[in-house]
Amino acid sequence: MAPEVSFTSFKNIVNGGFRDAKEHTYGHNPATGEQLWDVPVATKQDVDDAVQAARTAFKSWRKTTLAERKKTVGAVLDVYKRHFREFGDLLLKENGKPTVFADGEAKIIIDQFEFYLDLKLDDEVIELKDRTCIKRWVPVGVVAAILPWNFPLANVGGKMIPALLAGNAIIIKPSPFTPYSALKFVEIAQQVLPPGLVQVLAGDDRLGPWLTHHPDVGKIAFTGSVASGKKVMEAASKTLKRVILELGGNDASIVCPDIDVDEVAPKLVRGAFFNSGQVCATVKRVYVHQDIYDKFLAAAVKAVNAVKWGDPLGADVFLGPTQNSMQFTKVKDIYDDVKDKGYKVAVGGNIAPGNGLYAEPSLIDNPPNDARIVTEEQFAPMLPIQVWSDEEEVIERANDSKMGLGGNVWSKDETRARRIAESLEAGSVFINGVEMLTNHAPYGGIKESGIGLEGGPDAIKGYCDVQVLHTNIR
Ligand code: NAD
């Protein structure tokens, strides 16, 4: 019989068992401000113990075949499915996502399992006159996954599943703002996993650097801000750890004059404001051709007015609160800057008073190129809309960013759309659509938006080194 699982008690998991701590921390429900459950603050000793247990688990796991690993990892999915509903509720409370999106994230991890469990990891053979070369995908060893707060559970799946299938052990470190779903997920996975293979540590700001500096961690799979990503890479360089860095973005969306305004404006607005704008790859700047600018802005304002926002438990609510007070301070700063500089607010523009970390969905009418709302990743439900007239010039403005995560082009003219899309300096570009990332295609940033790829048919290889066997046994 499956053990009882409590969704109101949370502990770190080290070597297959619960690990509490002297110090505790907790998250908040961003919709209500309510303090959530205690979680342990991991110590350096916990990190050392987890890395040691991971190395031990890795020794046996690396010897298993891909088919055997798939069987074990598939069993984790079976356990998870039994608790699917509870994870939706947990995500709602810890993240503030409206119910439909919290359930949506709980479902994403199922899709991730199903996609990754179908992948292959075949050797590649190169035949030469004097030998055969066999290119093998070998595991790195101990992976540390460091996660942000905007998708607390989807980021566990996106890293853990391919890392395990590659033959690695993994230690997961959730964001201090959203530790709960990662802690609970790893706890239930212990029902079917060998001890030490998947562990989870919640903690404070010391925990990430302990992992990135640990000499026995072989790879860091990091998702977070550009600033933290640079620190991770610096720490990793000390022992030449491998890194995947999935970092921030400031995605430009270029709207051509031939589009159907009434169709595109609402799509674009809802795409930008999904998850309260707290999405790495989403529309963050909009450039609309001068011939349709006024009409587009009017349609976008109408679309914003139609967005239901507020209490994530409310019926049909699309836009909930900002996830945490640190981020809310940043959001407030951006909203204040728009007011202080006197930029034209087409709709919204205010931080909502009262409990909960709410900001009004807002559009800013043609702010200057150097406005913070244009140059910075706002991670908020506020969008700048600017005018363009010359294709070359708008591409230059779109590319005038150190980031290069995503981008979009909207046009009915395929040749023109392709031409603009191919000129954008971004890892994923979407023609006539917002950034709907899929497991089936790789994703990652260029420029300062990151290094390495996640997802796609080669996802398991992302957690491997390559070994080449040169053999002349005939
Ligand atoms: P963050 O960089 O503040 O924190 C991310 C994680 O890194 C947290 O777990 C944090 O504790 C840890 N961390 C912070 N400093 C560290 C250090 N020096 N060493 C090791 N770990 C450290 O980011 P955040 O605010 O949690 O997330 C928002 C950012 O993440 C946004 O910029 C967003 O665009 C980006 N993001 C990117 C993707 C992607 O796939 N490219 C996906 C989601 C979020």
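This is a predicted model: local features need pLDDT of at least 70, side-chain atom pairs count only at pLDDT 80 or more; totals for chains, interfaces and linings use all residues.
Helices in this account are DSSP runs of at least four residues, numbered from the N terminus, and by that rule alanine 303 belongs to helix H10, which covers residues 293-306.

**Residues along the chain**

Because a residue counts as buried when its relative accessible area is under 20%, alanine 303, with a value of 12%, is placed in the buried class. Its C-alpha atom is separated by 19 Å from that of valine 387, a residue that lies 84 positions away along the chain.

Aspartate 46 sits in helix H1, which spans residues 44-61, and with a relative accessibility of 5% this aspartate is also buried. The side chain of aspartate 46 is in polar contact with the side chain of arginine 19, at a distance of 2.7 Å.

Aspartate 311 is located in the loop that joins H10 to helix H11 (325-341), and with a relative accessibility of 43% aspartate 311 counts as partly exposed. Although 45 residues separate aspartate 311 from glycine 356 in sequence, their C-alpha atoms are 8.5 Å apart in space.

Two further residues draw attention through their backbone angles. Most residues other than glycine have a negative phi. Serine 276, however, has a positive phi of about 60°; this serine is found in the loop between helix H9 (261-273) and strand E13 (283-289), and is buried at a relative accessible area of 6%. Lysine 447 likewise has a positive phi, near 50°, but it belongs to strand E20 (residues 446-447) and, at 36% relative accessibility, is partly exposed.

An unreviewed UniProt entry places the feature "domain: Aldehyde dehydrogenase" at residues 25-467. In the model this span is 39% helix and 21% strand, and its end C-alpha atoms lie 43 Å apart. The UniProt annotation "active site", again from an unreviewed entry, covers Glu246. Glutamate 246 lies in strand E11 (residues 242-246), and its relative accessibility of 7% puts it among buried residues.

**The ligand and its shell**

The ligand is surrounded by 25 residues, and the closest of them are Leu147, Ser225, Ser228, Leu247 and Glu377. Sorted by class, this shell holds 13 nonpolar, eight polar and four charged residues. The ligand lies between two domains, because domain 1 (12-247 + 449-471) and domain 2 (251-438) both give residues to the shell.

| Residue | Protein atom | Distance to a ligand oxygen |
|---|---|---|
| Tryptophan 149 | side-chain N or O | 2.9 Å |
| Lysine 173 | polar side-chain atom | 2.9 Å |
| Glycine 224 | backbone N or O | 3.2 Å |

On its own the ligand has 860 Å² of accessible area, and the protein covers 87% of it. The elements that give two or more residues to the shell are helix H7 (207-213), strand E10 (219-223) and helix H8 (226-237), and H8 gives the most, with three residues.

Conventions
Residues are numbered from 1 along each chain as its sequence is written. Side-chain values use heavy atoms; hydrogens and water are left out. A residue is near a molecule or strand if one of its heavy atoms lies within 4 Å of it. A polar contact is a pair of N or O atoms within 3.5 Å; within protein, one must be able to donate a hydrogen and the other to accept it, and residues adjacent in sequence count only if both atoms are side-chain atoms. Accessible areas come from the Shrake-Rupley method with a 1.4 Å probe; for residues, only the protein chains shown count as cover. Ala, Val, Leu, Ile, Met, Phe, Trp, Tyr, Cys and Pro count as nonpolar, Asp, Glu, Lys and Arg as charged, and the others, Gly among them, as polar. Domain bounds come from an automatic or database domain assignment. UniProt positions are given in the numbering used here, feature names are shortened, and annotations may be inferred rather than shown by experiment. Buried means under 20% relative accessible area, exposed over 50%, partly exposed in between (1.4 Å probe, protein chains only).
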